[in-house]
Amino acid sequence: MTITRDPSKLDSAWAQLRAHHAGLSGTRTSSLFEADQRRFESFSASAGELLLDYSKCKLTVETRRLLATLADVAGVSALREKMFAGNAINLTENRAVLHAAIRAPEGSVFRVDGRDVIPDVLGVREACFAYARAVRAGEARGATGERFTDVVNIGIGGSDLGPVMAVEALRAFHDGPRLHFVSNVDGAHLADVLRGLEPARTLVIVASKTFTTIETMTNARSARFWLAGALGEEAVGDHFVAVSTAREKVETFGIPASRMFGFWDWVGGRYSLWSAIGLPLMLAIGPERFAEFLSGGHAMDRHFRESASERNLPILMGLIGIWHRNLCGYASRAVIPYAQRLARFAAYLQQLDMESNGKQVQRDGSPVTSATGPIVWGEPGTNGQHAFFQLIHQGTDIIPVEFLLGAQGEDDPALAAHQPLLVANCLAQSQALMLGRNLEEANGNPHRVFKGDRPSITLLYPKLTPFVLGQLIALYEHRVFVEAAIWNINAYDQWGVELGKELATRLENPVKTGQGLDALDGSTAGLLRAIRALS
């Protein structure tokens, strides 16, 4: 999949940006507000229920124009249309990239190899919805006739990070069974989750496209042993469902094909929450609320395709990311949701962003010519203020911060005092990052000086609902796309994950038997000998 990129135009666009950046070096962001009383209106944009304020970044109208020009000559729009058209933009695996299709409404058309895939998408969606309704209504029960009160989702990576994040984010809308998640192959994770659960009331979801993921299948087999030990082998089919495409392996495990929900190779794991991988969320909040979640994602898809670049949230966030990473040289960005229920959002974004854009070669296999994906990290505010904000404010590295904030808090009147305090803290942090405090204001104490002029953006929404969460996730998905398109990298493979998996497989026998250590490097062999001595 080739996108025409004129090297001379690209070089010129980058050169103009570098010169422009140098020209802004003596300017403080606070002075841009002094010069333009309407700066907030000029450097904010809305889509659906989201408001993006990027006025506290050191950008001017000219900066935005030059960045938009870079996006144009890099072919962002052309690649975007190829993605939505179902072309194989994941060129290393020769696959389409159509996570937008799995959240599309009835009546949409998305084609892969000339065939509309929406009927398949809707078929799987309705099958998942029907099963979720049956479990929630007590119509689908365990082997002993008990209702399912607890659901354990076993997966890893995209089969865990998305569902666990979304289930926690939408906890206010839970009216189904309790949800639990197991991902780590460390036996302690499974042991802690299963402890206290009643096998007769427990449903287990095994999420693995190939049904071969070693961590997931190790946990699944142990969970199967736990359940069969209590209820007998014949109970396995009533208590396990699979989200997979490997029918033969699923049936061999003991799960009937009627309890297997599939998805497609044109949906990457970290983009799959909208599909059957979202079954845990469907069980927690119900199909109707899940449909609202899909609608939020679809609304952002339409906004991404239809809005002009200066009002287009994914494009704006992508261009700001390029500005900070490549012109300013900032190597990381912090994502700080002032929402406890978004506690796992930064962890979810780590895979979405770092697995997608942590690349060192361009789409044609040649080395990249600029820095690519930044380190993405974060924790909820206000907790982060008492942990790492010291470094963000006074450390030697500048770290752009992305604040997420809901205007409305809990409905409980007894908690009314909490939300104003939360909002005040969030806005104060972004204000402090920009303004800082000089030596005079610090009464001559250098330890209390804040240099300020540190960039942040704020994403504001009314309340964390399924629709808003869908918008947020799709926004960040498309932001990743924009940055990858400008860097000319493939955001939809993850070969960097493979080598460690291969080596782990080779090491399994030496770990178990202690044989073959002499063929290993000295460090690995020495550690294995020490491990065997300790165990």
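**Reading packed helices**

Author: Helix α15 (residues 345-357) and helix α18 (residues 466-487) cross in a right-handed way. A crossing is left-handed if the near helix is turned anticlockwise from the far one by less than a right angle, and right-handed if clockwise. Helices (H or I, at least four residues) and strands (E, at least two) are DSSP runs, numbered from the N terminus. Before going on, note that this is a predicted model, where local features need pLDDT of at least 70, side-chain atom pairs count only at pLDDT 80 or more, and totals for chains, interfaces and linings use all residues. Residues are numbered from 1 along each chain as its sequence is written, and side-chain values use heavy atoms, with hydrogens and water left out.

Reader: At what angle do the axes of α15 and α18 cross?

Author: Two packed helices are described by the angle between their axes and the distance between the axes. Axes are lines fitted to C-alpha atoms, for helices over the stretch in contact, and angles run from 0 to 180 degrees between N-to-C directions. For α15 and α18 the crossing is roughly 25 degrees, and the axes come within 10 Å. The two helices are therefore roughly parallel; angles under 35 degrees count as roughly parallel, over 145 as roughly antiparallel, 65 to 115 as roughly perpendicular and the rest as oblique.

Reader: Which residues of α15 and α18 meet?

Author: Contact means heavy atoms within 4.5 Å. On the α15 side, F345, Y348, L349, L352, D353, S356 and N357 take part, and they meet L472, I473, Y476, E477, V480, E483, A484 and W487 in α18. By class, this contact of α15 with α18 has 10 nonpolar, 2 polar and 3 charged residues. Ala, Val, Leu, Ile, Met, Phe, Trp, Tyr, Cys and Pro count as nonpolar, Asp, Glu, Lys and Arg as charged, and the others, Gly among them, as polar.

Reader: How do α7 and α15 pack?

Author: Helix α7 (residues 161-169) packs on α15 at an angle of about 155 degrees, with the axes 9 Å apart. That makes α7 roughly antiparallel to α15. The crossing of α7 and α15 is left-handed. L161, G162 and M165 of α7 meet F345, A347, Y348 and Q351 of α15, and by class this contact has 5 nonpolar, 2 polar and no charged residues.

Reader: How many residues of α15 are buried?

Author: Buried means under 20% relative accessible area, exposed over 50%, partly exposed in between (1.4 Å probe, protein chains only). In α15, 10 of the 13 residues are buried, so the helix is largely enclosed by the rest of the structure. Among the buried ones are A346, L349 and D353. Their cover includes α7, α18 and the strands β10 (332-338), β11 (375-377) and β12 (401-406).

Reader: What span does α15 reach from its first C-alpha to its last?

Author: The expected span of a helix is 1.5 Å times one less than its number of residues. Helix α15 reaches 18 Å, close to the 18 Å expected. Helix α14 (residues 313-327) reaches 20 Å, close to the 21 Å expected. As for cover, 15 of the 15 residues of α14 are buried.

Reader: Is D113 buried or exposed?

Author: D113 counts as exposed, because its relative accessibility is 80%. Its place is the loop between β3 (111-112) and β4 (115-116), and its phi is positive, near 55 degrees. N488 has a positive phi near 65 degrees, but N488 is buried, at 12% relative accessible area.
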